[in-house]
Amino acid sequence: MKRLFPFLKPYRLQLTIGPFFKLSEAVLEILTPTLMALLIDNGINAHNWDYIIRMGIIMLVIATCGVGFAYICQYSASIASQGFGTDVRNAMFKKISSLSFSQLDEFGTPSLINRITGDVNQLQSAVAMLIRLVIRAPFLCIGGLVMAMAIDLKLSIIFMLVIPLFIFVLFLVMFKAVPLYKSVQKKLDTLTLVLRENLSGVRVIRAFAGVKREKERFDDKNTDYADTAIRVGKIAALTNPATTIIMNIAAIAVIYFGGIRVNTGNLSQGQVIAFINYITQILNAMIVVANLVVLYTKAYASALRVSEVLAVEPDIKYGGKAVSAKQGNAIEFKNVSLTYKGSKIPAVDNINLNIRIGETLGIIGGTGSGKTTLISLIPRFYDVTKGEILINGINVKDYDEDALRAEIAIVQQRAALFSGTIADNMLMAKKDATEEEMRIAADTAQATEFIDRLENGFKTYVSQGGNNLSGGQKQRLTIARALIKNSPILILDDSASALDYATDAKLRRAIKENTNSSTVIIVSQRVNSVKNADRIAVMDDGEIVGIGTHKELFEKCDIYKEICLSQEQGGEDDENEEK
């Protein structure tokens, strides 16, 4: 919770001015019933028209000032709440961007989306209400009670009996509702996950006739969320009726006993009317307090979720070193192992590997052999559990983040494109790239042939996730995006799986011709994608079981030979295409 208070500091002026003017409005509102009592007793009952007009003008001025004070408060609340929400979202986005892949996996994408949207919106409302009502409502309760006691102390005993009962109801609601609001938010995270999976995987779901199954799955999670929300809603809904009943009983008692005291001459008619007005003020203020309890109960649960994100320290810390002169090997793995959180079995185990500057290394192995995990350690998407990785003789942990990112261009398995033009996507890697540089990179990635066929060329709009492009087109664009960066190390993680053999062969040939000085790592399950590499590393069950040229491995490594034989027909086709 304390992590959120610094976000309010820039709005100290609004947090001071807003409540002050709202309190001023409340003071004027408190005076109104007393002025009305004087108007009735000294003006209407005495038929004193001068007094009536004078008091009417005073009440009109008070009402006008009240409107102005309320406007200033509302304006201050808007600036503070919206500014606070914007600052918190920016801070959360910055924090999320700094987290490692393992930390992001731990929170989950749907949960993070809900926290940065719904939970922050809830906190915005809490800040707005803090300025507008948190001081006003209690002041009206207390001020109304004091003014009522000033009119008639004996009649005010009714309030003293009712208020403790009212407070008990509020605390009971809060005690029951807080745990349930936390549960509601967690169930909303789960519902968002199901919805996100359905929207992103709609083609797969329909292809496997899974629409009915997914509807039932969504309905199950939605019903679970709705049941919990209804349960907490029922508890919160009891607040207003319970408080209204309590206060109406108090009003009936005031009218009854007040009438008796009027008859005995202890109270005037105007005083009874003022007393009833104060009851109404207190009733309305109490209802507002009840609603505030519900609001801040939700906000408290949201604040815990937001604070949880802000409190997380990135488990990957960067050093301050920049790139030094090239020395030794481009990349060196020394006894490297990685075990994912929640797993007892290493994903990669005791890897020792030297990759020379300018060398092309192929990495091949079966599904789940640890290929992607291994190359994910180079740019520090994950940190090693044991051992160390050196780039140009420097431990990756000692690199400055920008320096490390500048050294490496990586194309991951999943072709990730963003909404915008083709040029926008390519400029992500190099923001000042010229159109000529984009064309050269696209030529190398074999993407120009389809880009030129598009009506707007590089200015063609790419929909979210690149859904208006084929799988092969998306892969070629992501490769072009990496090539335009012109980094010393290029990593291609099974990035040509959607390409036909002929295009794949042209791509490999173009990369070899245009990246002579770069160290290239090609991860693939296709033998033909790696067999012309300078060396090939064969992985199995998280370990390197063989390393050498295609010919050496075919003769000495049984696993590699088995992979080659299983792809023999594809290899023949590819060789013919290359010829």
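Me: How do H9 and H10 lie to each other, roughly parallel or roughly antiparallel?

Reply: Start with what you're looking at. This is a predicted model, where local features need pLDDT of at least 70 and side-chain atom pairs count only at pLDDT 80 or more, while totals for chains, interfaces and linings use all residues. Residues are numbered from 1 along each chain as its sequence is written, and side-chain values use heavy atoms, with hydrogens and water left out.

Now the angle. Axes are lines fitted to C-alpha atoms, for helices over the stretch in contact, with angles from 0 to 180 degrees between N-to-C directions. Under 35 degrees is roughly parallel, over 145 roughly antiparallel, 65 to 115 roughly perpendicular, and the rest oblique. Helix H9 (residues 239–263) and helix H10 (residues 269–311) cross at roughly 170°, their axes coming within 10 Å, so H9 and H10 are roughly antiparallel to each other.

Me: What is the handedness of the crossing where H9 passes H10?

Reply: Look at the near helix: turned anticlockwise from the far one by less than a right angle, it makes a left-handed crossing; clockwise makes it right-handed. H9 passes H10 in a right-handed crossing.

Me: Which residues of H9 and H10 meet?

Reply: Contact means heavy atoms within 4.5 Å. On the H9 side they include Thr239, Met247, Val254, Ile255 and Val262. Their H10 counterparts include Phe275, Ile279, Met286 and Val294. By class, this contact of H9 with H10 has 16 nonpolar, seven polar and no charged residues (Ala, Val, Leu, Ile, Met, Phe, Trp, Tyr, Cys and Pro count as nonpolar; Asp, Glu, Lys and Arg as charged; the others, Gly among them, as polar).

Me: At what angle do H1 and H2 pack?

Reply: Helix H1 (residues 12–44) packs on helix H2 (residues 49–98) at about 160°, and their axes are 8 Å apart. H1 and H2 are therefore roughly antiparallel to each other, and their crossing is left-handed. The contact of H1 with H2 divides into 21 nonpolar, eight polar and two charged residues.

Me: How many helices and strands does the chain have?

Reply: Helices (H or I, at least four residues) and strands (E, at least two) are DSSP runs, numbered from the N terminus. The chain comes to 21 helices and 12 strands. Its C-alpha atoms fill a box of roughly 115 × 45 × 45 Å along the principal axes. The radius of gyration is 35 Å, whereas a compact globule of 579 residues would be near 25 Å (taken over C-alpha atoms; the globule rule is 2.2 Å times the number of residues to the power 0.38).

Me: Is Arg305 buried or exposed?

Reply: Buried means under 20% relative accessible area, exposed over 50%, partly exposed in between (1.4 Å probe, protein chains only). Arg305 lies in helix H10 and is buried, at 7%. Leaving out residues up to four places away in sequence, Arg305 touches Asn114, Asp119 and Asp189, among others.

Asn114 sits in helix H4 (residues 109–132) and is buried too, with a relative accessible area of 10%. With the sequence neighbours up to four places away set aside, Asn114 touches residues including Leu188, Thr192 and Arg305.

Me: Where is Asp494 found?

Reply: Asp494 is in the loop between strand S9 (489–493) and helix H17 (501–514). Asp494 is buried, with a relative accessible area of 15%. Beyond neighbours within four places in sequence, Asp494 is in contact with Gln413, Gln475, Val523, Ser524 and Gln525. Asp494 and Lys371 are 123 residues apart in sequence, yet 9.5 Å apart in space, C-alpha to C-alpha.
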